[in-house]
Every structure is written in C-alpha cells, then in structure tokens.
Amino acid sequence: MKLSLSSDEARRIILRAQGFLGAESRRGGAPAALRRLGAVQLDTISVLARSHELVAYARLGAVGRREVERAYWDEPARAFEYWCHAACVLPIDDWPLYAFRRRYFRARKFRWHEVPDSVEAVLQRVRESGPITTADIGGAKKGGPWWDWSDSKIAIEWLLDTGEVVCTRRVGWRRVYDLAERAVPGHLLAEEPSDAECVTRLAGIAGRALGVATRADLVDFLRLKAPEALLLDSCLRDGSAGLVPVRVPEWPERAADAWADPAALETEPRGRHRTTPLSPFDSLVWDRARTARVFGFNHRLEAYVPREKRVHGYFTMPVLAGGRLIGRVDPAREGATLVARQVSLEPGVTPGRGAASLAGALWEAASWVGCDAVRVERVDPLLAGPLQDALSRVP
C-alpha cells in the first residue's frame, strides 16, 4: 500500500532534500551540497554571480565564492562536468554512472555539428600537452555566432562527450581538458557498469536529491531518452533504485503517483527555512511543471525572450521564504549597488510580510557579492512603500 502525503508534507520533504530546511541538510559546506544535489547546472549567464555559485549561496548563505570553486574544480578532482539534466557539475565518484551516455555518444557518431576529421589530432595534442583549453588548440569559434564553433572546439567537446577527455577544472570560465586516464581516479575509470546499472544508481541519486518525485521528474533530472526511461521503469518497479512509491492526492491526477527516498520519510522535516533568491537553473525550480505542482508558481526564464516581450525580467530569480516561492526579483549590478530592476509578489502574499522577506534577501545577496547599497527600480504599486521601508531598516 502506498504512503499518502499531503502536498505540504511533500513540499517540506523536497525542501529538506534540496538543502533549504534544517541545519543538518546544510552541514559539510559546498562539497557536501554538491554530493547531496547530485548535479549542479552550469550556465554562461552571470548577473549577481554565475548560476553554480548561486546554487551554493542559496543553501549555505554567504559562503566564500572561492570555497564554492574549490568544491567543484579543486585538484585532485572532486567533480567533473558532463551531461545530466543539462551541462552540470557532478561528483567525481559518479563518473562510472555516466558510462551509458558516453556509449550513446560513441554509437551516435554525431554531435550538434559533424564531428571533424581532426579528432585524433586533437586527442594526441591533449595526450602530449594537456591539460589544455580551446585557446591552446586554435580557439573555440570560427568568428561568427556563438554556435559557429571551430573544428578544434567541436573535436574537443566530442572527446568530452565520449569520455576520452574530461573537464575537472576551469580557468576563468574556460574549460580545462585533460585525458580521463590522468584526471579520473583509476578505480572509477576501471568501472564500466551496464546501462541498466547506470540508470538504477542514478535514479537513486536523483530520487534522494528531489525528495519526492514523479517518474517524469526523474526522467527530467537525468534527461533520459526512451530506452533508458524503460530501464528506469524497471528499477522503480523492482525496487532496485532504492525508492518507494507514494501518493500525493493534492497534486494533479496524472502526477499524484510518485516516488520517495525512504530515509526522507522516516522523520518529519523540521528547522528554519532559508530565505533567498534562487537561480532559475537551481534544481529546486529548473523543471517548470514540477515547480508549478510543488509551489503553485509559474516560472519561466526570460533571458532568451525578446526584451519587449519579457514580463518579469532578463534573469528573474524566484524568491524562497518560509518554504514557499513568494515573489520574483530581476537583479543587476551597477558598481557597488545591487539593482532590483523589477520586483513582484505572488498573489496572496501580503505586502508587509513579503516586503520584509524580500528586503532581507536583497541585502544579504548584496553583501555576498560585495555591494553596499540596494536600489529598486520597478515594483508592484502596493509593494513599493512597504519594500522601501523594509530596505531602510535591514542593514
């Protein structure tokens, strides 16, 4: 018989699993956060900071940004970059579990671009001269749009896809590529689990990171294609993924049946909630359908939407407070000032309470990125007065 959870119970389990509820889930700093989350998405956009830094900040508060970088790209390698939900930082111990995806790329023999004939020459260059960046092999672009990659860039990324090379650190924002046999510990490199073993173990990681998840949530976390999704069904059905079936009747009927980490069900989630803006690429909100189901919050990244069609702003960050998504802020920086270009509250959030949470979140984020002032530009009329009052009181 399936355990029945209320939507509030499911939400609190999810928040604890993601590191937003209770002190225990935040112990161990940035390295532990990466292991707990299983995957931290990367993105080129940098407003307050890059997304992978914002993910750690949202859970840990004003953690040193150098500490975050060391958790991801220290030597010896603690993590590597590869394809999970998207391009992600992944714990180095999980290297063997992506063997199924490396095999897929090798069999496919195609990327977004045609794989050039120069692959072997690039691999030999890494073998002789690595670690290297794209600058060392002729640059990343041909000179056109961002997707107009040079042959050397296509080749090195293909080698990354297939596991011949690996990125375990960056210089600035440039990947540093080295032979997998030099960068990945030998005992991990020697493992070659079957596709079914990979999916089974990754399903457990995704389920623990998500807390309570539907099949669709697990597929989205791992971006499984149809054959691997069938393997997921099998390991969920026979219990080998280590997850147990639950039901959340208040979720939409098609999503009411879900899976949970049994350890997360043993104790009631307790403790203080984090109040923080979230990167739109944060795993708490990266799936729009899940975010709407769990929080009743319709979230869309508008960075790639034409300016005149944006509703909430370029890099709108949902604001988490009291375990709920209470509003949105579109941040920017001008010198030592954090600028909130647009701020809004969700329906049902009272301006007074919402303003206090927003002001605290803005000042804490400002301090973390080295700003000593906060300026708000556009704001809901009913929120304007309370927010300005709250901002003036916080420092």
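Predicted model: local features only at pLDDT ≥ 70, side-chain atom pairs only at ≥ 80, totals over all residues.

User: At what angle do the axes of α2 and α4 cross?

Analyst: Two packed helices are described by the angle between their axes and the distance between the axes. Here the axes of α2 (residues 29-37) and α4 (residues 65-73) cross at roughly 45° and come within 8 Å. The contact (heavy atoms within 4.5 Å) is made by Gly29, Ala30, Pro31 and Leu34 of α2 with Glu67, Val68, Ala71 and Tyr72 of α4.

User: Which residues of the largest nonpolar core touch the most other members?

Analyst: In soluble globular proteins, nonpolar side chains tend to be buried together. A nonpolar core is a set of buried Ala, Val, Leu, Ile, Met, Phe, Trp, Tyr and Cys residues joined through side-chain atoms within 4.5 Å; buried means under 20% relative accessible area (1.4 Å probe, protein chains only). Of the 56 residues in the largest core, they are Tyr98, Phe221 and Leu232. Helix α10 (residues 195-210) gives the largest share of this core, eight residues. A second, separate core has 34 residues, including Leu54 and Trp368.

User: How many of the eight residues of α11 are buried?

Analyst: Six of the eight residues of α11 (residues 215-222) are buried, so this helix is largely enclosed by the rest of the structure. Among the elements covering the buried residues of α11 are α2, α10 and α12 (226-238).

Terms used. Residues numbered from 1 in each chain as written. Heavy atoms only, no water. Axes fitted to C-alpha atoms, helices over the stretch in contact; angles between N-to-C directions. Helix = DSSP H or I, 4+ residues; strand = E, 2+ residues; numbered from the N terminus. Buried < 20%, exposed > 50% of the residue type's maximum accessible area, 1.4 Å probe, protein only.
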